[in-house]
Amino acid sequence: MNTSQRPSIRYAVLGPIRAWQGEAELDLGSPQQRSVLAVLLLRHGHPVTAGELIDAVWGESPPSAALSVLRTYVSRLRKVLDADRGADGAPQVIVSVTDGYVAHVPEGALDLAAFEQRVAEAGKRQAAGELSAATDLLRDALDSWEGVPLAGLPGPLAETERSRLIEKRLSTLEALVDIDVQLGRHREAIAQLTALSAEHPLRERLCQLLMLALYRSGRQAEALAAYRRTRSILVEELGIEPSAPLRTLHDRILAADESLDPASLSLPADFPADAAPQPATQEFRPAQLPADLPTFTGRAVELDHVRALLREAEGHPPAVVISTIGGMAGIGKTALAVHWAHSVADRFPDGQFFINLRGFDPTGSSVTPQEVVRIFLDALGVPAQRIPAGFDAQVGLYRSLLAHRRVLILLDNARDTEQVRPLLPGSPGCLVIVTSRNRLTGLIAKDGARPLTLHQLTREEAHEFLARRLGAGRLAAEPQAAAEILTCCARLPLALAMVAARAAETGFALGSIADELRESHGSLDAFASDDSDLDVRAVFSWSYEAVSAAAARLFCLLGLHSGPDISAHAAAALGGLPLREARCLLTELTRAHLLTEHFPGRYALHDLLRAYATERLLAERQTKERDQAVERLLSWYLHTAEAAYQVITPHRQPVPLEPLPPDCQPLAFTSYDQALDWCETERPGLVAAVHQAAAAGLPGIAWRLPAALWGFFYLRSHVHDWLDTTGTAVTAARRARDLLGEVRMLAERANALRVAERYDECVNDLFQVLAWYRKLGDSEAMSTALGNLGDAYLHLGRLDKAVEYTRRALARDRLRGDAWGEGILLANLGDAYQRLGRFDEAIGSLEEALTVLRGIGDRWVEGVALDILGTVHHRLDRHDEAAAYCDQALEAHRESGNREAEGRALTRRGDVHLAAGEPKAARASWEQALVIFEKFDHRETQEVRDRLRRLDGLPPGAPPDSASGGTATARA
């Protein structure tokens, strides 16, 4: 038989799943096998992975051989659907694709597709006014149903699709009876509406249509009885009152409103009883709010905030309660505003207005206040001939009509205060909700508006956002992919909605969706849409195009900054701008919600806005300008870090610097704490700057910046950052054949490895450093390396080696007159002696170290020497002396900001108190130490916990090493 003679296969899912070839029905096998075919048919020619098919058929409890069974089902279906195909070139129905299958179904062969086509065509006919033709199409569509869709099929997907299809059929039925009522076929519609309302008592739309049909049939009492039944069910089962449209229709039927007469047959889809324009003298209550988003989720904190505004106003209402909801594009301002408005609409019985002011419309055609006032006057039923000619007079009439009324006005997407202010009513008890991408400062300052700025959804809210759209089971089945989607979407509602729509439409596994997002990382391609209102890139552009050219330039350049946030000073360096001008531009960007000032003077870009800034940067700025901006910023970080370093460690080896680029002014520091605090605040940006310098081909900055930060990293126990940056710096210097930088960073990495207790690696790096410094003839650097080698051996427990190398370095520093190096080495030598039990020599060395260190004012290393002295006296059972040295060490550590050493000194002081028979004092010291160590996730945290457990009579872990001073130090 050739292809043209073979009857095509028809499929049905609007009932039990069936298939026919010609007049012969095909045997589709077991319910599970039929489920496989149903999934493939419902994907409308899109591929379905094997994992999705397994989930669809068996859910969370698939058999151990699920994949093998699935392949068997597919093979059997092919034998049925593809019988005698292939020999004459006819295409297969089920085709294997990468990791799955796809079903090729000719157009019109699936009853669901034919149903949807008829419904869509009916919508077009209805819009064109061809109502009779629309009803014929809808009836034909409904006649194709054979019962419960996918009847008898097991599995979670069948259940989900069954519910979706049933809802689709019910919505089509509503549309049909809606048109019947519009056409005046009231009596014919009543029987069907009565049955449907009884079957679906919570659907208010059915009740509205039934009430209107009954009323127009002269059955007013029955119409009112239908309302009472529905209201009773809503109140008893859900604890809610009927919606405003249903209540309004009830009131108008009760009042025998003439506009409901059968002569007025217009019935818009959003409100079943639209009235003809009323004279201004008759009370009219507009209800213009758009539909609430059925999947709205989260924002509990924000909703509590805005609801509190009305609670505050109770009893003494002001002229008007105004709330401004601001935030970046796509953050969900309108969704929140509409949801809140619906939740409080019953408190404003005189009406609710809504207008999209289009303040950031890409065409620039924002709605003027003059247009809005005319629209609102029309909504209030004012005839055109009664509207005054002048705008001021129109505003006066508008406010007069709202006087003594309680109305809610939602002004969406406002551009500025001037667009909003004329629309404010003067009536007590009114509520105005304004959304905008700009900060409406004037409205806040002059009109008492209460601002609310929306930020990203929390991770829990974002997860719930996806779950409401895709189903919690689908997210639970692929938790890692779901988490990655949340990250890639940066918890932005618009981006999440786009991804959820794609996942729902395609049925692709979440892992595949996550792969797409990962592959497009750094761009917004994955969030593109034909609808500009949903295209993330287009939505961002409306705010971007509204700011000044100078602000737009700075916004683009901010895409070059690799840290999580940026200070105004750093932004000025990035842009090559005076600080004052940079601050003005940052304020402009913040008001446009293209930037967030999350802390005074510190600004952050939302992840997707950063991607947009990068796109605009590449499209609008030349390579030379971009490179110069990066060099300015990184040079500013380096020179400012060096300025801080000079204050934190004034006796250290200086970092050689190159001249600053023009238009770049580093900070200066006047105090130790100020310098240390700046480093802590900028730490994420400084770490990112090291990596950015290496990637940007600036190896000189890449190694000099960690060299300037070693003291800070050591003092604040940021060992991971220290290792990370020095490792990057070694690689960058080596690639650039910068021998000085490579050797300096090897030495620096060795210090970090020593603090990380990776002593063997530390020693290996230091021997490489020594070999290089011998070749270079750098005597000072050799002395430092020898001393650090002695310190590494000290921690390895190789005390003989520790003493040997420390003495060699000490002799060199004394010869050169390096007091700072001498003080460090004497302290380390004292620590080695006390570990060897040579206490007299330890005390002599440490007291000599204190003399030297106090002579140069080095409180940092002085604290180290005091700490070791406390350990020596503690081991000699001289409790009073030990406690005194511990207290002096604590004072020095706190003054120098050495938090790790502070924790160790507190631990040691607790040991001394316990040895002296003072358990309460010991507990107090250890608890303070524990707070410090837990903050830094320090390796000695467990040791302190064990001390506290022993104090409580509980079994400890490993006992502490009482012989270890734990405070010896190295130098750069």
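**View 1. Left-handed crossing of helices H9 and H10 in the predicted model****.** H9 passes H10 with left-handed geometry. Helix H9 spans residues 220-238 and helix H10 spans residues 244-254; their axes come within 10 Å and cross at roughly 150°. The two helices are therefore roughly antiparallel, since angles over 145 degrees fall in that class.

**View 2. Residues at the contact of H9 with H10****.** H9 contributes Gln220, Ala223, Leu224, Tyr227 and Thr230. From H10, the contact is formed by Leu246, Arg247, His250, Ile253 and Leu254. Sorted by class, the contact of H9 with H10 comprises six nonpolar, three polar and one charged residues.

**View 3. Open sheet of three strands****.** The strands are arranged in the order E4-E6-E5, and their pairing is antiparallel.

**View 4. Pairing of strands E5 and E6****.** Strand E6 covers residues 100-103 and runs antiparallel to E5, to which it is joined by four bridges. Within this pairing, Val97 lies opposite Gly100 of E6.

**View 5. Helix H3 packed on the sheet****.** Helix H3, formed by residues 66-81, packs on the sheet and touches both E5 and E6. The direction of H3 makes about 140° with that of E5.

Conventions:
Residues are numbered from 1 along each chain as its sequence is written. This is a predicted model: local features need pLDDT of at least 70, side-chain atom pairs count only at pLDDT 80 or more; totals for chains, interfaces and linings use all residues. Side-chain values use heavy atoms; hydrogens and water are left out. Axes are lines fitted to C-alpha atoms, for helices over the stretch in contact, and angles run from 0 to 180 degrees between N-to-C directions. Angles under 35 degrees count as roughly parallel, over 145 as roughly antiparallel, 65 to 115 as roughly perpendicular and the rest as oblique. A crossing is left-handed if the near helix is turned anticlockwise from the far one by less than a right angle, and right-handed if clockwise. Contact means heavy atoms within 4.5 Å. Ala, Val, Leu, Ile, Met, Phe, Trp, Tyr, Cys and Pro count as nonpolar, Asp, Glu, Lys and Arg as charged, and the others, Gly among them, as polar. Two strands pair if DSSP finds at least two bridges between them.
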